[in-house]
There are 2 protein chains.
Amino acid sequence: MDFKTELNKRVDYIENIIYSSLIDSSKSNSDKQAEIYEAMNYSVQSGGKRLRPMLMLETSRLFHGRDEDVSYFLTVIELIHTYSLVHDDLEAMDNDEYRRGRKTTHAVYGEAMGVLCGDALLNYAFEMGLKGIKAAKDKDRALDALDYIATKAGAFGMIGGQVVDIKNENSDIDIETLDYINELKTGALIEASMVAGAILAGATKQEVQSIEKIASNVGKAFQIQDDILDVTSTTEVLGKPVLSDEKNNKSTYVTLLGIEAASEKVKQLSEEAILILRELNEDNVFLTELIHHLVYRKK
Amino acid sequence: MDFKTELNKRVDYIENIIYSSLIDSSKSNSDKQAEIYEAMNYSVQSGGKRLRPMLMLETSRLFHGRDEDVSYFLTVIELIHTYSLVHDDLEAMDNDEYRRGRKTTHAVYGEAMGVLCGDALLNYAFEMGLKGIKAAKDKDRALDALDYIATKAGAFGMIGGQVVDIKNENSDIDIETLDYINELKTGALIEASMVAGAILAGATKQEVQSIEKIASNVGKAFQIQDDILDVTSTTEVLGKPVLSDEKNNKSTYVTLLGIEAASEKVKQLSEEAILILRELNEDNVFLTELIHHLVYRKK
């Protein structure tokens, strides 16, 4: 298997599905609010890694799910991820003007539109999710999947993580608080992606639990690697400023543990994840490679 | 029927349901993000009129729906309404420090928390809605109701109206644009409330269409009355600054039509709504009174 080729094939597959669900602003120009469709599309068409939908798709495939049963939910999870970035970048939040080498949504459309665009993306995620339930062969599974995603995206999950992150800005935090932030802010949506994939494919309760553990490890390792890259990479490779954590006086896994121990933690977490994956007695070579790729990525 | 007594009875009934779904921040103080629960509760416990859940409940009753079948959705619609106010009040949006005589959410918790609190309320609305579907006796109806609400709340509905409103700030607009803004910004959620009530109660397609028309008229009349009160009421009665439209150089029904013609329009719209309601061959004295009360309210 050529991993890069397979990876790109999946990005294309996923983007086709997501883009087809976007509102065509040129066809809707009788709508006076067409600019919000534009802003939504601009935000979604950002050249992201499409990591969350990819994890969902591959987890579904792991349990022999049909691709058409997850398609609406690939869009749901990417829309939620996208809205969270749009709001995270706002002046009122991190005040970031660039992301992935491109102007952020509020930098292009203004702060008020940034707020509304994020709102519209989150709302649209649920519009799509509800359509997904309506179209589902197994409505109960689809309902369970959307319910799981909703909980992980909200105050008990991703948004909760954002809050703790913001509350601890410019203050020294301990490793326990850092773990807490990352488990919610980054981990929750990665768990939602993989678990929703498992649920939609009809995995057993026990299998879902294993997937939760794998996803939790992947989320943690992913975030630690992010901190490592912020000090070891370059702006050209990352497409965003490096040393931003240091500039913002942020406590990270690198500042708290040092690069060596942080790298060791990435290794431990990913090895454990792959071990649990093997014990599932299901096989998905690409998913194993993907996890490896994610936690040892260079950008 | 003593309308005031009946009205207060319903406000109590609705608030009991909504408040019981809030996250108890004192019991969740091991959660490091407990402040977001507080901010959410502060925003919801604002002494609002609970108009939207009340319209939903009474429309359901009109079609002999069971109160327990709408209860989750009363919360859903009020959470969506609340989040829209929280974001509307942000510095980046209308920059309002007071609402209903009380500090706005971002004025108490800061702008970043204002953004996140709105996000959390919107997300929580769907968490509740999905629980509502799971608990429903008739899952298809509940799914249709939430789907309708979601569409009306999003870029094609309420958020779309917000966008057009913001895009036309400080510029003279014509009556057609003003109608467009209000139909989406205020009308869409009032329609969602009443139509969801009808769907949940099992109203026929034709009945749902009549309710859509009634709700559309009520929404319009409600907004025109809002504009009238802004120039004829006092800050003490309204609990918010009067003449704010003039101060903000806003085109309103009063500036475009004059008070007399605006009042006439309120009368026409509400009379037509009550006529359609009568033709439904269903009876709900309170709903008729409520519509009357809403469009001729003094605050």
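This is a predicted model: local features need pLDDT of at least 70, side-chain atom pairs count only at pLDDT 80 or more; totals for chains, interfaces and linings use all residues.
Residues are numbered from 1 along each chain as its sequence is written, and chains are lettered from A in the order in which they are written. Local features need pLDDT of at least 70, side-chain atom pairs count only at pLDDT 80 or more, totals for chains, interfaces and linings use all residues, and side-chain values use heavy atoms, with hydrogens and water left out.

Let's start where the chains meet. On chain A, 52 residues are in contact with 52 residues of chain B (contact means heavy atoms within 4.5 Å). Together the two chains bury about 4600 Å², 70% of it on carbon and sulfur atoms; that is the accessible area (1.4 Å probe) the two parts lose on being put together, summed over both. There are eight salt bridges between chain A and chain B, each a side-chain nitrogen of Lys or Arg within 4 Å of a carboxyl oxygen of Asp or Glu. In one of them, Asp147(A) pairs with Lys134(B), with the closest N and O atoms 3.0 Å apart. On the side of chain A that touches chain B, α6(A) gives the largest share, 16 residues (helices are DSSP runs of H or I, at least four residues, numbered from the N terminus).

Now for α15 of chain B, residues 285–295. Its buried residues (under 20% relative accessible area, 1.4 Å probe, protein chains only) are Phe286(B), Leu287(B), Leu290(B), Ile291(B), Leu294(B) and Val295(B). Seen down the axis of α15(B), they fall within an arc of 155°, so they line one face of the helix; the arc is taken from the directions from the helix axis to the C-beta atoms. Among the elements covering them are α1 and α14 of chain B.

Note on methods. Buried means under 20% relative accessible area, exposed over 50%, partly exposed in between (1.4 Å probe, protein chains only). Helices (H or I, at least four residues) and strands (E, at least two) are DSSP runs, numbered from the N terminus.
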